[in-house]
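Dear colleague,

I am handing over the structure below, and my notes on what was found in it follow directly after. Please read them with the coordinates open beside you.

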Amino acid sequence: MCIGIPAQIVAINDDDSGLADVSGVRRQINLALVGSYDEHGTSRLGQWVLVHVGFAMSVIDEQQANETLTGLQQVFDAEYLEQGEK
Amino acid sequence: MNTINLAHGSGGLGTQQLLDHLFMRKFANPLLQAREDQARIPLAALAGQGQLLAFSTDSFVIDPLIFPGGDIGKLAICGTANDIAVSGAQAGFISCGFILEEGLSYRLLETIVDSMAGTAARAGIQIVTGDTKVVPRGAVDKIFINTSGFGVIPQQVHWSMQHIQAGDQLLVSGTLGDHGATILNLREQLGLSVELQSDCALLSELIAPLRTMAGIKTMRDATRGGVNAVLHEFARSSQLGMEIQETALPVKAEVRGICELLGLEPVNFANEGKLVIVVAPQAAGQVLDVLRQQPLGKDAAIIGEVITTSGVRSTGAYGVRRTLDLPYYEALPRIC
Amino acid sequence: MRYIDEYRQPDSVNALICQLNLQAEKLPYSASRPLRIMEVCGGHTHAIFKFGLDQLLPKNIEFIHGPGCPVCVLPKGRIDAAINIARQQNVIFCTFGDAMRVPGKSESLIIARSQGCDIRMVYSPLDALQLAEQHPHKQVVFFALGFETTMPATAVTLQTARARNLSNFFIFCQHITLLPSLIHLLKQPDNTIDAFLMPGHVSMIIGATPYQFIVSDYQRPVVIGGFEPVDILQSISLLAAQKITGQYRVVNQYKRVVPDAGNCNAQQALDEVFRLQGDGEWRGLGMIEEANVTLTDAYAQFDAEQHFNLPEQQVADDPDACCGEVLIGHCKPWQCPLFANGCDPQNACGALMVSPEGACAAWYKYRRQEVTYEYH
């Protein structure tokens, strides 16, 4: 029900607001729900977040993103191996 | 003169002053300056060009008045010029009617009129007759413009929806939805900042080399309702089907970004400088090459074909076909 | 587009379809009685129809389109109440675009705007807050729609309003939470829901644990899925795998966005600002137990309903509309007697035609011409 789009944080202000970029489209977003810094104290500048109604709602986990795709590649390989096409 | 007032539309001295200071000066040409009640255009020169006169009218009420890539004035000239140009004709003469809201800034009106004059001059079009009315505050939204124009369809050009046949290819001259995406963001103040411009442009140069090419069945300039609306017009007229490939649609990254963010589709966004062309299959490749050689056509693409089953459809990336509905309303941004 | 295009690759989709076809052979379901997976969320419904994913599934797997469309389940009378507020003196009424064209008893917000009401479309509740600060002599009301995905945005906005001592900002609270409606559906004795594809974006807020009761109390497998074609098909594959083994649990397919614990900051904000009190009406489903979202006492001052003292508005739907039947999988949209026969997106008779992601609206828009109506 909820259009959430991955966007990259390209600027962070002092007041929990920042600028997010989606394919060259930029908008002010609120970072209160994810914080301007991660758990290691690193600024979220450059990180990717899920944006919904002007708020960053979740930080995208790059490792998990890769694992989802790696899992797919295994399916892909298995599929072709099963059909003996490789 | 700071603002427009009711006297400027009353037909008396106020009107004369506005005409003299602004319209007559900016649109200067002998036909207009003859100051008859009508423009008198010699027939002989026109008659030599062809048998048919293409005549079109359009009204412009866009908000905001000025936007990246253009303004209501440029749009008013391009819109009618393009409507004529897609018949194969070249618009030579245009009328324009203004309805102005009392209190409109004179500076703003002048900017718009300058833009109209410049656009018309670039197109070789003369604004030869016109009308101005001023209405009380609130009766219109700042400024409405109507333009009408005509041109002669060259003898050898026979573009018409009647010629559409199954198997014909569907081409677009460039990226979809640039104008609509630009305007939506501004008009609804969505707070998106994006390097996007309206594609508002005169299409006569892009069309010129196509007049002598074989295989062109018909063309339209996509405006309100986008490419989708044109496909529906073609389908309705020919009783055939229009089927496009989603992956073939040329879309700027920023327009795509706006569509993903707001849950919208580029085929429904307005354009103001793009052609949808129906071409016989054997000529499609050549027409594409000719379009791509020009700046306005560099992103031209074959997006689909005409089929016998009536209706308008889109085939997606996974081969699934779906109906491409003609929306009743303009789609609004979604968050759900 | 990063984190989107990778999950739309045709090769990946084809590989998943092949895998699903292999799994389908091992499922204890047939084409005449397929595995029925409820995808709860309008975003999933929209993606399925847009990409044609239902057409790619094996014949013994099908989707039931659930009630997760906040606009669809908004009782008609609430629109009339919203227009009522917008007509008050000095009010600026702010709403998401989704609600602008939904008809109430006789008109919609967009028609009320054309008649002179100051109704503005916003992208974020913070835009409405900004208007309240820019117009201190106006009363700015935000139409707060949406599930748990959207609720934290409203909550943070209200926390900000309170911190800034704003007295001219209000919300007309029509937020809804997901689980009460699912319980309501599962309690219908003849529902045919075999499994659930849970909404990834609600889940990024509430986490995975709240769904555990569906496995333990109702013996249905659950997968939390993302919204791209690869996410949806991978989620179906994970559900099929559970059905094959008979071992059910809550699986998180959308790990790149959904932490298993959800978003703690968001949950804290929700706890501070909102509470569930009493039954709530869902259009198409009727009264749902413990489903009424209201503001806590600390935030009651921002409640538009209290402030404007609105009369109750009950507006009934067409009795022939089959929305409830469609929602529990008894009826396909095109099997409703009103579908394309008096009921269409322009003249919606019921909940599921009202918004573009309602099941009937999606079917009408995307499938009307193509359907080879296959009776399973």
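A:Trp48 is placed in strand E4 of chain A, in what is a predicted model throughout. With a relative accessible area of 14%, which is under the 20% cut-off, A:Trp48 counts as buried. Once the neighbours within four places in sequence are left aside, the residues in contact with A:Trp48 are A:Pro6, A:Ala7, A:Gln8, A:Ser58, A:Val59 and A:Ile60, together with C:Arg2 and C:Tyr3 from chain C. For A:Val59, which is eleven residues from A:Trp48 in sequence, the separation from C-alpha to C-alpha is 6.1 Å.

Strand E3 of chain A deserves a paragraph of its own. Within chain A, strand E2 (residues 17–22) is joined to E3(A) by six bridges, and the two strands run antiparallel; one of the pairs is A:Ala20 with its bridge partner A:Arg27 in E3(A). E2(A) and E3(A) form a hairpin with two residues between them, and A:Ser23, in the turn, has a positive phi of about 55 degrees. Across to chain B, E3(A) is joined by three bridges to strand E8 (residues 192–194), again in an antiparallel arrangement. In that pairing A:Val25 stands opposite B:Val194, while A:Arg26 stands opposite B:Ser193.

What does the contact of chain A with chain B amount to in residues and in area? Twelve residues come from chain A and 16 residues from chain B, and the two chains bury about 1100 Å² between them, with carbon and sulfur atoms giving 65% of that area. In chain A, the residues that lose the most area to chain B are A:Ile3, A:Val25 and A:Arg27, which together make up 44% of what that side buries. Strand E3 (residues 25–30) is the element that gives the most to this side of chain A, with three residues. By class, the side has seven nonpolar, three polar and two charged residues. The count of salt bridges between chain A and chain B is zero, although four residue pairs are in polar contact across the interface, with both residues at pLDDT 80 or more.

B:Lys217 lies in strand E9 (residues 216–221) of chain B. Is B:Lys217 buried or exposed? Its relative accessibility is 11%, so B:Lys217 counts as buried. The side chain of B:Lys217 is in polar contact with the side chain of B:Gln165, at 2.9 Å. Apart from neighbours within four places in sequence, B:Lys217 is in contact with several residues, including B:His158, B:Trp159, B:His163, B:Asp168 and B:Val279.

C:His175 belongs to strand E6 (residues 169–175) of chain C, and is buried because its relative accessible area is 3%. A polar contact of 2.8 Å joins the side chain of C:His175 to the side chain of C:Thr154. Not counting residues up to four places away in sequence, C:His175 also touches other residues, among them C:Leu145, C:Phe147, C:Met151, C:Phe274 and C:Val293. Of these, C:Phe274 is 99 residues away along the chain, and its C-alpha atom is separated from that of C:His175 by 9.5 Å.

With kind regards

Methods
Residues numbered from 1 in each chain as written. Chains lettered and ligands numbered in written order. Predicted model: local features only at pLDDT ≥ 70, side-chain atom pairs only at ≥ 80, totals over all residues. Heavy atoms only, no water. Contact = heavy atoms within 4.5 Å. Buried area = accessible area lost by both parts, 1.4 Å probe. Salt bridge = Lys/Arg side-chain N within 4 Å of Asp/Glu carboxyl O. Polar contact = N/O pair within 3.5 Å; in protein donor to acceptor, adjacent residues only side chain to side chain. Helix = DSSP H or I, 4+ residues; strand = E, 2+ residues; numbered from the N terminus. Nonpolar A, V, L, I, M, F, W, Y, C, P; charged D, E, K, R; others polar. Pairing = 2+ DSSP bridges. Buried < 20%, exposed > 50% of the residue type's maximum accessible area, 1.4 Å probe, protein only.
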